[in-house]
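User: I'd like to go through this model's pockets and sheets. Can you take my questions one by one?

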Amino acid sequence: MIKRLLDFMDASPVNFLAVKNIATYLEQAGYRRLDPQMPIGEVKASDKLYVTKNDSSIYAFHIGRKPLGDAGFRMICAHCDSPTFRIKPNAEMTCEGGIVKLNTEVYGGPIMSTWFDRPLTIAGRVIVKGEDALHPKTLLLHVKRPLLQISNLAIHFNREVNDGVKLSKQKDMLPILGIVTNELERGNLLMNVICDELNIKQESILDFDLYLADATPACTFGVHDEFLSSGRLDDLSMCFAGLEAMIATETTDVTKVLAIFDNEETGSQTKQGAGSPFLSMMLKRISLAQSGTREAFYQAVERAFMISADNAHAWHPNYSEKYDSTNHPVLGGGPVIKFNAAQKYASDAVSAAVFAEICREAGVPCQRFVNHSDVAGGSTLGNILASSIPLRGVDMGNAILAMHSCRETGSTADHIYCVKAFTKFFS
């Protein structure tokens, strides 16, 4: 199970590739792709369906034996984007000695210093000419070798570096791509890489969405290999846990839904984010195709339960003062229910009790997280999704260290626990 997770992490350096890989897993498990431009047609018990939006979010539906209106649905949702750096248009900047750096902008809220002095690569999508202006083609790109690096300034020029240095997003975070060796390469290094990788001509390229990614493979570490080390554990580890549970469970009375959104790290307010009505629209269409009435969808929502799966903060042995004194989850202690009095999380006593009981039935330990009252916390998918679909639900996640670092640390035991809990929820 852990090997499958590590392989998925390595193959999914950005949202677009994560969605492609999830779709591949679903199709191998018998799921059929829907085209949202076409009528859904007849929906029967045991049908396995999925749909994507913007190539960067994906929604799977395993239709239950009972109609949606009678049994509702059970949903696990997560997000496939992670903090990183987006390559800007006209990105190449040629410096002295022919050294080329790329102009980038920050995506989400990364711990920027963790991106220094490590091998990086690029991944994303490249848009090329299609049948006409409104229908371009999309090609996915993943350069599977170290390609770039953001280098630190030597300590001799910055004696205060170990005392904490304010980093400029525009000056300090620009990666080195290479050295121009002839005039034909000037201004074309990045395009040459893209064209060579995709075997296309530069004149066919219309635009791209490309991002930096850590080129070091995901791995386990620790005396007992008890820890996970990888970029993007937040939140691809939750995506994969939900996917494994979705595929592993058979048809039940209740319809199962796996919703993997994009753009959580920037607020979710996009057509492919949790704030979009797209998922609600698809559920309405499926419900209508199944029952012939619009009322069934609203009945289904009232009978539904959502697990919003986004990683939680693990207790850090070097910074215990940052954590709540009685609610600080530890690595290896099981899935974490997240609470917040300001309603940044969807969890309440009822939904927390439901999830805790699911964990108990699955034989899985369960923890709780509340922020230290003097430390501001983040938010996640649950309440954003509930603003468009008023679902009963819980916010939870596996505990990790160094959230939003270039490489985060999790627990192998927690991943296994989470898959067990999710499988029980879907069973």
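This is a predicted model: local features need pLDDT of at least 70, side-chain atom pairs count only at pLDDT 80 or more; totals for chains, interfaces and linings use all residues.

User: What volume does the largest pocket have?

Analyst: A pocket is an open set of points on a 1 Å grid over the protein atoms alone, where a 1.4 Å probe fits, with protein on both sides within 12 Å along at least five of seven lines; lining residues have an atom within 4 Å of a point. Points are joined across faces, edges and corners, and the volume is the space filled by probe spheres set on them. For the largest pocket that comes to about 570 Å³.

User: Which residues lie closest to its centre?

Analyst: The lining of the largest pocket has 20 residues. Closest to the centre are F116, S151, N152, L153 and D172.

User: Which element gives the largest share of the lining of the second largest pocket?

Analyst: That pocket holds about 390 Å³ and has 15 lining residues, with P36, Q37, T52, N54 and D55 nearest its centre. Strands (E, at least two residues) and helices (H or I, at least four) are DSSP runs, numbered from the N terminus. Strand 2 (48-53) and helix 6 (278-291) each supply at least two lining residues. The largest share, three residues, comes from strand 2.

User: Which are the edge strands of the nine-strand open sheet?

Analyst: Two strands pair if DSSP finds at least two bridges between them. The order is 1-2-3-13-4-14-18-16-17, with mixed pairing. Pairing on one side only marks the edges, strand 1 (32-33) and strand 17 (367-370).

User: What is the bridge partner of R32 in strand 2?

Analyst: Strand 1 and strand 2 run parallel, joined by two bridges. In strand 2, R32 has as its partner L49.

User: Which residue takes a positive phi in the hairpin of strand 5 and strand 6?

Analyst: Strand 5 (residues 84-94) and strand 6 (residues 99-107) run antiparallel, with seven bridges; E92 stands opposite L102 in strand 6. Four residues lie between the strands, and the one with a positive phi, near 75°, is G97.

Methods: Residues are numbered from 1 along each chain as its sequence is written. Side-chain values use heavy atoms; hydrogens and water are left out.
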